[in-house]
Amino acid sequence: MTVSNVQAGTVLSLKGKTALITGSASGLGKRIAEVYAEAGASVVIADLKLEAAQVTADEITKSGGKAMAVAMDVTNEDSVDQGFAAAAKTFGEVDIAIANAGIQIVCPIQDFPFADWKKLLAVHLDGGFLTARAAVRQMIASKRGGSIIFMGSVHSKEASKLKAPYVTAKHGLEGLAKVIAKEGAQYNIRTNVICPGFVRTPLVEKQIPEQAKALGITEDEVIKTVMLKDTVDTEFTTVDDIAQAALTFAAWPSNALTGQSLVVSHGWFMQ
Ligand code: NAD
């Protein structure tokens with residue numbers, strides 16, 4: 001008989017862990033921070049928008065969790081390193097880090113401004129690298145290892161029109177995660193990617209009218225014929241769906257689950 005280190009019926013716990021989530025003043029990151037706090041983690045709300053990050057941290061603290069806000073621009077090396085240092089000073093070195101901060105810019109390739117291409121790659125790829133590097137350094141220093149999660153997308157697997165840099169960046173994060181899974185194993189560092197389908201966050205709400213304009217169709221048609229067309233049930237994925245996936249990756253106790261990507265998309269993409 002093999003002995004499992006996961007007991008049947010165990011509630012996933014993050015008690016005593018420190019978790020830093022980039023872009024967690026809004027959308028997916030915010031919900032993940034709330035769920036992590038409920039699971040017992042001390043959460044660090046790292047975002048470009050400090051005021052909104054502070055609001056999220058205060059809400060979590062008011063409901064009995066432990067949270068702090070830090071200003072962080074994930075495209076800036078010093079800003080990321082300083083944010084991680086502030087987190088460690090207050091809560092101890094991170095055990096969980098999520099490279100979640102993201103933006104979207106939609107445009108046909110022939111009109112895509114080079115500056116927008118570079119801006120998007122900087123947030124997703126430079127941001128992913130700097131966040132993961134800072135996390136790895138703390139996880140090695142603490143000798144506890146930990147879990148690094150990248151927020152990929154179905155666009156880590158599939159393409160859509162108008163999204164050249166986004167699809168490029170989200171595919172790239174899968175490569176980065178696999179390298180860190182190999183390099184990190186000796187330190188007990190696990191790395192995985194979550195690939196959500198469309199979730200109605202501010203990032204998606206903004207692109208519905210933009211896509212309607214670029215494709216010459218109505219907003220309702222964007223939802224039905226672009227966003228949800230290939231799902232099994234024409235339903236949006238939710239922030240709770242993604243937070244549950246993030247909780248599983250964070251709480252998984254061994255290197256058995258590393259270097260993987262999990263698509264949570266109502267069957268839009270099937271592996
Ligand atoms: P959102 O707009 O609600 O939140 C994104 C957050 O990132 C914001 O709080 C914003 O201030 C922050 N941010 C942007 N640039 C930053 C920077 N340079 N430094 C630090 N913070 C920065 O969007 P969301 O939908 O919650 O997206 C979160 C992640 O999920 C993104 O990586 C996105 O690509 C990914 N994703 C979203 C969907 C979806 O349908 N919403 C689907 C797949 C993947």
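Phe-198 is buried, with a relative accessible area of 8%; buried means under 20% relative accessible area, exposed means over 50%, and partly exposed lies in between (1.4 Å probe, protein chains only). The model is predicted: local features need pLDDT of at least 70, side-chain atom pairs count only at pLDDT 80 or more, and totals for chains, interfaces and linings use all residues. Residues are numbered from 1 along each chain as its sequence is written, and side-chain values use heavy atoms, with hydrogens and water left out.

**The aromatic pair**

A search of the whole structure finds one aromatic pair. Phe-198 and Trp-268 form this pair, which is stacked, with 5.2 Å centre to centre and 5 degrees between the planes. Rings of Phe, Tyr and Trp (its six-membered ring) pair if their centres lie within 6.5 Å; planes under 30 degrees apart count as stacked, over 60 as edge-to-face and the rest as tilted. Phe-198 sits in the loop between strand E6 (189-196) and helix H6 (202-215), and Trp-268 in the segment after strand E7 (260-264), so the pair links parts of the chain 70 residues apart. Helices (H or I, at least four residues) and strands (E, at least two) are DSSP runs, numbered from the N terminus. Trp-268 is also buried, at a relative accessible area of 13%.

Where do the residues of E6 stand, buried or exposed? Eight of the eight are buried, so E6 is largely enclosed by the rest of the structure. Both faces are covered, with Ile-189, Thr-191, Val-193 and Cys-195 on one side and Arg-190, Asn-192, Ile-194 and Pro-196 on the other.

E6 pairs with strand E5 (residues 146-151) in the parallel sense over six bridges, where two strands pair if DSSP finds at least two bridges between them. Five bridges join E6 to E7, and these strands also run parallel. Asn-192 of E6 is the bridge partner of Ile-149, and the bridge partner of Asn-192 in E7 is Gln-260.

E5, helix H5 (residues 164-184) and E6 make a right-handed β-α-β unit. A crossover is right-handed if, with the strands pointing away from the viewer, the path from the first strand over the helix to the second runs clockwise.

**A buried glutamine**

Gln-104 lies in the loop between strand E4 (96-99) and helix H4 (114-142). Gln-104 is buried, with a relative accessible area of 8%. Apart from neighbours within four places in sequence, its contacts (heavy atoms within 4.5 Å) are Leu-120, Lys-163, Tyr-166, Leu-203, Lys-206 and Gln-207.

**Salt bridges**

A search of the whole structure finds eleven salt bridges. A salt bridge is a side-chain nitrogen of Lys or Arg within 4 Å of a carboxyl oxygen of Asp or Glu. The table includes three of them.

| Pair | N to O distance |
|---|---|
| Asp-240 and Arg-31 | 2.6 Å |
| Glu-77 and Arg-133 | 2.7 Å |
| Lys-157 and Glu-174 | 3.2 Å |

Asp-240 is partly exposed at 38% relative accessibility, and Arg-31 is partly exposed at 21%.

Glu-77 in helix H3 (residues 77-91) and Arg-133 in helix H4 tie together parts 56 residues apart in sequence. Glu-77 is partly exposed, with a relative accessible area of 42%.

Lys-157 lies in the loop between E5 and H5, and Glu-174 in helix H5, 17 residues apart in sequence. Lys-157 is partly exposed at 22% relative accessibility, whereas Glu-174 is buried at 12%. Salt bridges that share partners join Arg-31, Glu-34 and Asp-240 into one network.
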